[in-house]
Amino acid sequence: MTSDAVSSDAARRRAIPLFDGDLAQKGFALNAMCFSFNSQANREAFLADEEAYCAKFALTAEQRDAVARRDVLAMLEAGGNVYYLAKLAGIFGLGVQDLGALQTGMSVEDFKAMLVRWADKVPAGAAIREAV
């Protein structure tokens, strides 16, 4: 891997908000709503009346705007956790790799290639803990 690719990968990692305690508190309502999408009935209720469903969870104006625009980066900045946001994205036919591509501003194909590059750095048979 070239030094340009390494520095580009590092910059992308730094650009993704660190989900810490403060961000978890900020995003509690958004993440609770997304968690609710484990239920098919809740996914259907969201699709039937998105505004009312978001109001039920008391999303902030920032969170509501991000959801309405389907802006994953704004949802992350508003406290969304990518694992919960994946439940919302699934309603629209998107997967975790689609979210990763949106987070990094890459195409899905380029994002997958980046994951492969990172995985290639892990020695065969090594525990993840040893490689990180």
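Residues 24 or more positions apart account for 54% of the contacts in the protein with a separation of 6 or more. Contact means heavy atoms within 4.5 Å. This is a predicted model, in which local features need pLDDT of at least 70 and side-chain atom pairs count only at pLDDT 80 or more, while totals for chains, interfaces and linings use all residues. Residues are numbered from 1 along each chain as its sequence is written, and side-chain values use heavy atoms, with hydrogens and water left out.

The protein has eleven helices and zero strands. Helices (H or I, at least four residues) and strands (E, at least two) are DSSP runs, numbered from the N terminus. Of the 132 residues in the protein, 31% are buried. Buried means under 20% relative accessible area, exposed over 50%, and partly exposed in between (1.4 Å probe, protein chains only).

The largest nonpolar core has 21 residues. Such a core is a set of buried Ala, Val, Leu, Ile, Met, Phe, Trp, Tyr and Cys residues joined through side-chain atoms within 4.5 Å. Leu30, Met33, Phe37, Phe46, Val67 and Leu88 have the most contacts inside the core. Two or more residues each come from H3, helix H5 (50-56), H6, helix H7 (72-77) and H8, and H8 gives the most, with five residues. Beyond its neighbours within four places in sequence, leucine 30 touches Leu59, Gln63, Val67, Met75, Gly80 and Leu85.

A search of the whole structure finds six aromatic pairs. Rings of Phe, Tyr and Trp (its six-membered ring) pair if their centres lie within 6.5 Å; planes under 30 degrees apart count as stacked, over 60 as edge-to-face and the rest as tilted. Phenylalanine 37 and phenylalanine 46 are edge-to-face because their planes stand at 70°, with ring centres 5.2 Å apart. Phenylalanine 46 also pairs edge-to-face with phenylalanine 92, at 6.2 Å centre to centre and 70° between the planes. This second pair links distant parts of the chain, 46 residues apart: phenylalanine 46 lies in helix H4 (residues 40-48), and phenylalanine 92 in the loop between helix H8 (82-91) and H9. Ring pairs join Phe37, Phe46, Tyr53, Phe57 and Phe92 into a cluster.

The table lists the accessibility of several residues.

| Residue | Relative accessible area | Class |
|---|---|---|
| Phenylalanine 37 | 2% | buried |
| Phenylalanine 46 | 0% | buried |
| Phenylalanine 92 | 35% | partly exposed |
| Asparagine 31 | 7% | buried |
| Arginine 64 | 15% | buried |
| Leucine 102 | 42% | partly exposed |

Asparagine 31 is in helix H3 (residues 28-36). Leaving aside neighbours within four places in sequence, asparagine 31 is in contact with Phe19, Gly79, Gly80, Asn81 and Tyr84. Arginine 64 sits in helix H6 (residues 61-69) and touches Glu50, Glu51, Cys54 and Leu59, not counting residues up to four places away in sequence.

Accessible areas come from the Shrake-Rupley method with a 1.4 Å probe; for residues, only the protein chains shown count as cover. Leu47, Phe92, Leu94 and Leu102 make a nonpolar surface patch of about 340 Å². Like charges are joined within 9 Å, and nonpolar side chains (Val, Leu, Ile, Met, Phe, Trp, Tyr) within 5 Å. Leucine 102 belongs to helix H9 (residues 96-104).

Conventions: Patches are made of residues with over 30% relative accessible area and no salt bridge: like charges are joined within 9 Å, nonpolar side chains (Val, Leu, Ile, Met, Phe, Trp, Tyr) within 5 Å. A salt bridge is a side-chain nitrogen of Lys or Arg within 4 Å of a carboxyl oxygen of Asp or Glu.
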